[in-house]
Amino acid sequence: MSGVEARLGPVDQVPLGEGRAFLVGDEPVAVFRPRGGGLYALRAICPHRGGPLADGLTDDEVVMCPLHNHQFSLADGSCGTGADGVAAYTASEEDGELVVRLG
Amino acid sequence: MTQTAERPDLEQSGSTKRRLVVVGNGMSGARAIEEILARGGGEQFSITVFGDEPYGNYNRILLSEVLANPVGETVDDDEGELFLNPRAWYDENGIDLHAGVRIVRIDRHARVVLGDDGSVTPYDVLVLATGSRSFFPPMEGMWKTDTELTPGVFGFRSLDDAQAMLKYVRGKSSAVVIGGGLLGLEAAAGLQAHGLAVHVVHPTEVLMNQQLEAEASKVLRSKLEDMGMHMHLGVKTSEILTESGRVSGVRFTDGSTLDCDTVVVTAGIRPNIGLAMVSGLETQRAIVVDDRMRSVDDDAIFVVGECAQHRGEVYGVVGPLWEQAGVLADVVTGANPDAEYHGSRLATKLKVAGVDVAQMGVKTPERSSDEFVQFSETGRGVYQTVVIRDGTLIGATLVGDISKAAALTQAFDSRSALPEERVKLLFDLGSAGDDTSAADLPDDTQICNCNGVSKGDLVACVHDGAETVSACMAATRAGKGCGSCKGLVKEVVEAALGGEGAEDPADSYYVPGIPLDKPTLMAEIRARGLTSVSSVFAELAPDGTEHVGSKMGLTALLRMMWPDDFVDERDGRFINDRVHANIQRDGTFSVVPRMSGGVTSPEQLRRIADVAEKHDIPMVKLTGGQRIDLLGVPKEKLQEVWADLDMPSGWAYGKSFRTVKTCVGTDFCRFGLGDSTQLGIDIEERCKGIEGPAKMKLAVSGCPRNCAESMVKDVGLVAVGGQEDGRHCQWQIYVGGAAGATIRKGDVLATVDSHEEAMTITGRFLQYYRENANWLERTYDFVPRMGLDHLIGVIVDDTEGIAAELDARMQEAVDRYVDPWAADQTESTPGQFHDALPLVPLPQVPVR
């Protein structure tokens with residue numbers, strides 16, 4: 001899976017402060033755009049019970065899974081509430097377009 | 001050895017196996033065989049069973065249910081429940097069953113039993129389980145011949161008795177039951193169910209005197225009388241009157257008579273010991289056995305059940321019988337040759353004519369030092385007592401309400417320590433935390449049942465350096481599920497911290513990310529004119545940092561504070577509030593349209609059905625709030641489903657006003673005092689979708705029967721003292737009730753005279769709650785925190801002079817209401833309804 005890169009279209013598909021899910025290769029990826037700036041990408045599925053992370057509330061540091069409130073670091077996917085971590089990917093903006101790299 | 005030419009199969013198997021013969025095929029005989037088979041007895045013994053009833057063995061406890069059957073229905077083998085073991089069971093286990101054969105003598109020297117069919121059967125081990133029979137007191141008119149009862153007179157002991165009675169009572173009008181013990185009352189209830197007027201005659205004032213003392217019996221009596229049974233207590237029957245050979249009445253010892261066409265005699269039971277007596281075994285009240293359940297005269301003969309007398313006791317209920325059968329089987333099979341039976345402590349739980357009764361141990365205190373706790377609520381037909389000796393439970397009686405029977409039985413059996421406050425044995429007082437000191441709980445005690453956190457986990461957390469309750473909760477997620485364990489979590493952590501109860505200032509914050517309590521936070525927000533979540537973080541959070549767990553609470557607060565000027569940042573909402581539906585475990589959503597007061601129509605139902613079919617809705621379910629839930633709707637189909645439903649949102653997803661449950665009130669109910677349906681609809685139409693610190697569930701009941709369960713709602717109204725027209729009753733308004741993770745009966749906030757006043761007070765209370773409750777604080781915590789007197793003062797008596805403002809602000813919220821389903825038919829944000837897990841199989845919820 002590593003090395004896969006996808007250009008996903010305009011960045012503003014992801015509303016400020018929210019997350020949206022995309023498919024990069026076969027990997028479901030949740031992309032977040034915190035109000036404090038930056039773009040972040042995590043595997044879209046909560047490792048705890050499969051919750052949709054793109055539907056979670058976020059702040060500048062973490063996303064909170066909507067099913068059982070586990071919190072994952074946007075930067076590295078680690079969990080601060082006792083569940084397994086989730087894979088973290090690279091998201092960036094290039095020419096107004098959202099780009100996600102796996103691995 | 002005596003040959004048994006008529007049973008060559010026995011002879012054959014007898015060559016390799018010892019011969020076990022069981023006389024009696026009732027519950028105890030069959031149980032003994034089961035226990036023996038369970039210990040490998042099938043390999044050791046060829047088993048022969050004699051039963052003088054021509055059936056497989058059946059469950060006598062269910063005889064009263066046979067009696068409750070439709071008249072004339074015969075018992076067949078596929079009923080399953082009545083027959084403990086069908087005949088096939090005997091075949092499968094290689095047991096030779098001789099139903100209908102009576103054993104008339106045991107030749108103990110030859111070790112054979114002699115049957116009334118002339119058979120001679122040898123044994124190596126003999127089990128007597130002959131049970132007991134009805135006792136018929138000597139009385140004129142009882143018998144037609146030496147062995148045949150007068151037509152119309154019945155015992156109530158065997159399947160034959162029950163069936164004969166069933167056949168006979170067709171078209172009969174009245175019955176006298178002689179003997180008001182357990183069996184008698186069951187027979188009485190059965191006969192009453194067949195439409196007969198039933199009279200119970202009992203020689204003492206105490207019904208069921210084997211199990212109950214006088215007070216308990218009185219409660220039972222009045223319940224039975226309420227059901228229409230006639231009681232004749234302290235009275236004896238002297239004669240059964242007959243007319244042309246059939247029962248026509250009874251005469252009492254005082255000379256008075258009572259007409260009837262049926263008599264059932266349940267004046268006690270007598271162990272069947274005739275066989276043992278003629279065979280030379282020691283009998284007193286029953287066959288005397290030692291601790292290994294053997295006859296004291298013969299090591300090859302075991303006795304079990306109601307025909308056994310052990311250490312002076314003869315038991316007539318199943319519990320001891322099971323224990324005896326276990327010991328017997330241990331000894332007979334050699335599984336534990338030293339097994340001993342030491343008698344049983346009796347704990348029984350029965351349903352007497354529909355009334356629950358549980359009894360264990362002694363009925364009343366026996367020594368002056370015995371403690372006696374007594375609770376009586378005769379109106380509801382509830383009576384409860386416990387007897388305690390030296391700190392141990394030695395007896396309990398529960399009539400009408402036996403919900404504590406399991407806990408009491410446990411305390412009774414284990415002789416465990418009892419709460420200091422004895423009344424707690426009968427009632428749940430306060431939270432679980434009150435009962436046991438948190439420090440005394442074992443480490444593996446589960447504290448948080450939602451997230452599976454044990455006491456040990458919390459204590460470890462403290463040892464790892466956590467200094468506050470909230471730190472432990474954050475690290476273990478204890479208390480983060482339903483929240484009902486929070487109090488206990490606090491106690492455990494505080495105990496682990498050395499009882500100092502580390503004060504965590506964060507506990508008083510409205511949301512964890514802004515270090516202010518609610519009144520201060522609101523004052524700051526108002527003073528600075530902050531109308532968006534992001535501006536609140538920027539101005540009031542430490543370093544202006546956003547906090548994920550605070551957004552939802554701030555959004556709700558700002559929406560309440562600024563009905564017109566709130567800046568709606570969608571990222572401040574939980575997913576449910578972004579898409580106006582409740583997220584399910586597989587990432588799909590549930591859709592619940594508003595159905596005010598739980599009233600719907602054929603047209604509406606048809607539309608819902610059409611939508612469910614069109615969109616392949618996997619589950620359509622009625623909710624607890626009297627609405628219809630369409631479950632399993634993918635996010636991207638929500639708008640289409642709403643459009644097809646063409647109904648408004650029911651807000652079953654928000655921290656908001658949910659529903660008003662109603663009963664049918666005066667429209668159809670013949671007891672209704674007030675128009676609860678209309679009041680419920682009016683309240684729901686007015687307050688629909690109003691957001692708050694937590695969800696709000698309401699109910700309106702049209703009379704104190706309280707069918708809408710108003711006492712356990714956030715706000716519950718009950719009509720009292722009304723007139724026929726249904727608009728002039730009074731409404732009692734309960735607040736702070738709950739029946740979910742927490743149970744709390746609401747407190748009466750006010751009793752008002754009109755529909756309009758009820759609407760006003762309800763709205764005013766809800767507004768006060770919205771403005772003053774902490775985030776996620778339900779009314780059941782809010783009401784006790786504020787104090788009922790304070791609430792009555794502010795809301796009813798207007799002691800603070802804010803009633804008009806509260807009303808105005810509630811009205812403002814009502815006036816601004818917009819149906820979110822209609823509003824969001826076009827996307828409010830890009831990709832609002834896009835699937836959050838594209839092309840990935842979800843953890844599927846099974847479709848029913």
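1. Confidence in chain B first: its mean pLDDT is 86, and 90% of its residues reach 70 or more (pLDDT being the predictor's confidence in each residue, from 0 to 100). This is a predicted model, where local features need pLDDT of at least 70, side-chain atom pairs count only at pLDDT 80 or more, and totals for chains, interfaces and linings use all residues. Residues are numbered from 1 along each chain as its sequence is written, chains are lettered from A in the order in which they are written, and side-chain values use heavy atoms, with hydrogens and water left out.

2. As for overall scores, the model has ipTM 0.96 and pTM 0.56.

3. Now the interface. Chains A and B bury about 2600 Å² between them, 60% of it on carbon and sulfur atoms; buried area is the accessible area (1.4 Å probe) that two parts lose on being put together, summed over both. A:R35, A:D55 and A:L57 supply 26% of the area that chain A buries against chain B, more than any other three residues. The contact takes 34 residues from chain A and 32 residues from chain B.

4. Four salt bridges cross between chain A and chain B (a side-chain nitrogen of Lys or Arg within 4 Å of a carboxyl oxygen of Asp or Glu). One of them pairs B:K635 with A:D55, the closest N and O atoms being 2.6 Å apart.

5. Elsewhere, a search of the whole structure finds 47 salt bridges over all chains. In chain A, a network of them links A:E5, A:R7, A:E94, A:E97 and A:R101.

6. Some pairs within chain B deserve a look. B:R39 bridges to B:E35 at 2.7 Å between the closest N and O atoms; B:R39 is partly exposed at 26% relative accessibility, whereas B:E35 is buried at 16%. (Buried means under 20% relative accessible area, exposed over 50%, partly exposed in between; 1.4 Å probe, protein chains only.) B:R570 and B:D568 meet at 3.5 Å, N to O, with B:R570 buried at 14% and B:D568 partly exposed at 32%.

Key
Contact = heavy atoms within 4.5 Å.
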